[in-house]
Amino acid sequence: MEPRKYYYNNSTLTIIFGNILESKAEVIVSSDDTGVSMSGGVSGSIRKAGGEAIRIDAQKKLPAQVGDVVVSTSGDLPYQKFIFHCLTINFDQKYEVFSGALSNTEDINNYILQHSVDKCFRLLQALDLKSIAFPCIGAGLANIPLKKVAEIMADAISSNLSKTQKPYEVELYLFNQKGFDDDTKAMTEIDYIDMFENFAIKAALYRYGVQAEAKRMQTEPTHVVTPIVDIPQREEMNHQVFISYSRKDIQSVEAIKNVLDDNGVTYWIDKEGIFSGENYKEVIVDAIETSQAVIFVSSANSNDSINVIRELGYSVKEGKTIIPILLDDTPYAKSIRLDIADIHQIEFSNTPHFEKELITSIAYAAKNY
């Protein structure tokens with residue numbers, strides 16, 4: 001079967017019927033249990049080809065739970081820089097971690113697949129990587145129906161590629177399962193018909209949306225229309241965290257927002273720059289005053305932003321807990337350096353360690369609010 005290629009912005013998705021170990025992508029994704037035992041299927045084949053060092057390195061990052069992604073060395077694999085281990089089943093093959101949180105097996109499967117794919121893309125961004133090869137996540141030992149895998153992976157991958165202008169090269173390997181595990185039946189192209197159909201539909205919808213937008217831009221008048229902004233009232237604000245950042249860093253900030261969303265932390269963010277102007281200073285003041293903590297996304301861009309500097313200065317004046325997240329090693333702007341130089345800094349990454357450190361800092365701030 002010839003590979004099938006789909007296009008999203010500057011990225012490509014190629015569906016390949018073959019062995020994922022033949023990929024030259026910077027990252028190979030593995031599907032495994034929460035013990036990262038790498039005992040069979042795709043993960044077992046990766047361990048066999050790349051060596052025991054992969055499993056040993058991955059297990060150093062534990063504990064982790066279902067839906068998480070653990071990053072490890074690629075061992076002796078010739079082309080890869082990392083292995084992303086998507087944890088799709090508990091080591092004891094039960095789902096107690098979701099007890100009381102998700103209502104049924106379908107909810108669990110949706111969570112595992114969506115969460116895993118989203119985290120893989122966040123890691124690509126954080127590690128500045130451009131290529132990744134996925135298997136059918138969860139279709140092996142986790143026993144997620146292939147039709148469900150096709151539906152959710154098509155939606156998750158297409159959604160991530162549609163939202164970025166970065167030139168990612170994504171591969172999805174549909175394997176002949178007998179090539180990995182000789183006591184199981186061989187898979188054929190027909191077995192993956194749902195996968196092809198789902199990606200074809202998603203790609204077609206994306207192309208239709210791009211074409212419709214281009215046509216709209218050609219036919220609509222080009223003069224600028226000032227939007228009518230619904231100004232939020234102070235009494236309506238119930239967020240825990242105010243995020244101070246430069247819009248030039250929006251992609252990294254999206255990853256930080258995802259961590260907050262995943263952990264149920266509410267936040268205020270001036271996403272479109274609507275409230276940064278002179279007429280909306282009151283909104284920013286209210287948003288800072290009603291927050292329990294202020295996340296300062298520190299970068300070359302934010303330390304050069306007068307709006308960010310003003311937000312940080314007022315936050316310090318109000319006695320807010322400042323949580324600096326470092327996107328790079330740029331020194332703090334001089335006007336805020338004395339105020340926050342001795343505050344604990346969190347280095348940005350898309351790892352469980354970063355997530356735990358950030359959420360712990362927010363919880364501490366809330367406790368002392």
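**Entry 1**

I started with Met38, which lies in the loop between S3 and H1. Helices (H or I, at least four residues) and strands (E, at least two) are DSSP runs, numbered from the N terminus. The model I am reading is predicted, so I noted that local features need pLDDT of at least 70, that side-chain atom pairs count only at pLDDT 80 or more, and that totals for chains, interfaces and linings use all residues. Residues are numbered from 1 along each chain as its sequence is written, and side-chain values use heavy atoms, with hydrogens and water left out.

Met38 has a positive phi, near 50°, and is a residue other than glycine. Most residues other than glycine have a negative phi. I then looked at Val36, in the loop between S3 and helix H1 (41–50). Val36 is not a glycine, yet its phi is positive too, about 45°.

Met38 has 1% relative accessibility, so it counts as buried. Val36 has 0% and therefore counts as buried as well.

**Entry 2: a cis bond and another loop**

Which residues does a cis peptide bond join? I found Leu62 and Pro63, with omega about 10°. Most peptide bonds are trans. Pro63 sits in the loop between helix H2 (52–59) and strand S4 (69–73).

I also checked Ile20, in the loop between strand S2 (11–17) and strand S3 (27–33). Its relative accessibility is 2%, so Ile20 is buried. Ile20 and Ser45 are 25 residues apart in sequence, and their C-alpha atoms are 9.5 Å apart in space.

**Entry 3: the whole chain**

I stepped back for the totals. The protein chain has 10 helices and 12 strands. Of its 369 residues, 47% are buried. I looked up contacts too (heavy atoms within 4.5 Å). Among contacts with a separation of 6 or more, 70% are between residues 24 or more positions apart.

**Entry 4: aromatic rings**

How many aromatic pairs does a search of the whole structure find? It finds four. Rings of Phe, Tyr and Trp (its six-membered ring) pair if their centres lie within 6.5 Å; planes under 30 degrees apart count as stacked, over 60 as edge-to-face and the rest as tilted.

One of the pairs is Phe121 with Tyr168: the ring centres are 6.2 Å apart and the planes stand at 75°, so this is an edge-to-face pair. Phe121 lies in helix H3 (residues 105–126) and Tyr168 in the loop between helix H4 (146–162) and strand S7 (169–174), so the pair ties together parts that are 47 residues apart in sequence. Phe121 is buried at 6% relative accessibility, and Tyr168 is buried at 5%.

Phe348 and Phe354 also make an edge-to-face pair, because their ring centres are 5.4 Å apart and their planes are at 75°. Both of these residues are buried. I noted one aromatic cluster, formed by Phe121, Phe134 and Tyr168.

Asn160 brought me back to Phe121. Asn160 is in helix H4 and is buried, with a relative accessible area of 14%. Not counting residues up to four places away in sequence, Asn160 touches Val117, Asp118 and Phe121.

**Entry 5: an exposed strand residue**

Glu347 is in strand S12 (residues 346–347). It is exposed, with a relative accessible area of 62%. Leaving aside neighbours within four places in sequence, I see Glu347 in contact with Leu326 and Phe354. Glu347 and Pro324 are 23 residues apart in sequence and 8.5 Å apart in space, C-alpha to C-alpha.

**Entry 6: H6 against H10**

Phe354 turned up again here. Helix H6 (residues 250–262) and helix H10 (residues 352–367) pack with their axes 10 Å apart, at an angle of about 65°. Axes are lines fitted to C-alpha atoms, for helices over the stretch in contact, and angles run from 0 to 180 degrees between N-to-C directions. H6 and H10 are therefore roughly perpendicular to each other (angles under 35 degrees count as roughly parallel, over 145 as roughly antiparallel, 65 to 115 as roughly perpendicular and the rest as oblique).

Which residues make the contact? They are Ile256, Val259 and Leu260 of H6 and Phe354, Glu355, Leu358, Ile359 and Ile362 of H10. By class, I noted seven nonpolar, no polar and one charged residues in this contact. Here Ala, Val, Leu, Ile, Met, Phe, Trp, Tyr, Cys and Pro count as nonpolar, Asp, Glu, Lys and Arg as charged, and the others, Gly among them, as polar.

Technical notes. Buried < 20%, exposed > 50% of the residue type's maximum accessible area, 1.4 Å probe, protein only.
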